[in-house]
Amino acid sequence: MTTGRPSVLSTALDETHDPPLRPLPAAVAELLRDVAAPLRLVAHLRAVHDVAAQLVDWVGAHRPELAVDAGAVLFGAATHDVGKALHPGELSGPGSRHEEAGRDLLLARGVPPDLARFAAGHASWTPETAVEDLLVSLADKVWKNKRVPGLEDLVVAGLCRAGGRPAWEEFLALDEFLTHVGEAAHRRLAWQAAHPVHG
């Protein structure tokens with residue numbers, strides 16, 4: 001446990017209580033330190049990573065037939081916006097330059113392309129998008145209680161293909177879970193906002 005002014009590593013790794021958030025993977029925390037990531041970005045990545053972990057756990061329990069690379073989802077969620085370290089204006093305003101920049105940054109640091117892809121692709125999806133990418137994108141929305149029907153429909157379709165149940169059953173199950181996750185959004189948003197964009 002560190003004391004005093006927060007750092008990238010303390011924001012990424014120290015225990016939190018309100019809200020309780022899983023720490024980022026140590027390798028990701030070190031990467032964020034090395035690129036001098038703004039604390040607001042580190043806080044955002046940690047909040048999305050925590051929600052992604054909840055999603056992976058839920059899918060594993062609800063629909064174990066659906067093969068999900070949990071490690072890829074967690075890495076993707078933990079690094080999806082890493083390009084905002086290079087484009088910090090996109091932390092508080094619109095912009096997509098961080099997407100390709102994030103993938104390139106990860107590739108330059110030796111991250112395999114199949115893991116670096118999440119940084120470039122988390123803002124768009126199609127019916128062909130892999131379930132891991134859909135879960136990263138979903139975590140990046142629902143952490144702040146934003147619901148995107150088209151994205152959720154693609155997740156439901158994947159659940160249906162794996163389990164053979166009707167879409168309405170899978171929709172209700174996913175909706176109930178996402179509603180539950182969304183109930184803590186205000187706490188995650190407040191925690192993120194407590195971390196500065198600059199300095």
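Modeller: Happy to! W58 and F177 are both buried. This is a predicted model, so please read every value here as computed from it. The rings of W58 and F177 have their centres 5.1 Å apart, and their planes meet at 15 degrees, under the 30 degrees that sets the limit for stacking, so the pair counts as stacked. The count of aromatic pairs comes to one. W58 belongs to helix α3, while F177 sits in helix α9, residues 167-182, so the pair ties together parts that lie 119 residues apart in sequence.

Now stay with helix α3 and turn to its packing with another helix. Two packed helices are described by the angle between their axes and by the distance between those axes. Helix α3 covers residues 39-62 and helix α4 covers residues 70-79; the two pack at an angle of about 160 degrees, with their axes 7 Å apart. Since that angle is over 145 degrees, α3 is roughly antiparallel to α4. Their crossing is right-handed.

Which residues of α3 and α4 make the contact? On the α3 side they are L45, V48, H49, A52, A53 and V56. On the α4 side they are A70, V73, L74, A77, A78 and T79. Sorted by class, this contact has 10 nonpolar residues, two polar ones and no charged ones. If you wonder about the spacing of such positions, an α-helix has 3.6 residues a turn, so residues three or four places apart point the same way.

From here, two residues give you a sense of distances. Within helix α5 you will find E100, which is partly exposed, with a relative accessible area of 41%. The C-alpha atom of E100 is separated by 27 Å from that of Q54, and the two residues are 46 apart along the chain. For the other, go to P149 in helix α8, residues 149-163. P149 has a relative accessibility of 57%, above the 50% cut-off, so P149 counts as exposed.

Conventions: Residues numbered from 1 in each chain as written. Predicted model: local features only at pLDDT ≥ 70, side-chain atom pairs only at ≥ 80, totals over all residues. Heavy atoms only, no water. Axes fitted to C-alpha atoms, helices over the stretch in contact; angles between N-to-C directions. Helix = DSSP H or I, 4+ residues; strand = E, 2+ residues; numbered from the N terminus. Parallel < 35°, antiparallel > 145°, perpendicular 65-115°, else oblique. Left-handed = near helix turned anticlockwise from the far one by under 90°. Contact = heavy atoms within 4.5 Å. Nonpolar A, V, L, I, M, F, W, Y, C, P; charged D, E, K, R; others polar. Buried < 20%, exposed > 50% of the residue type's maximum accessible area, 1.4 Å probe, protein only. Phe/Tyr/Trp six-rings, centres within 6.5 Å; stacked < 30°, edge-to-face > 60°.
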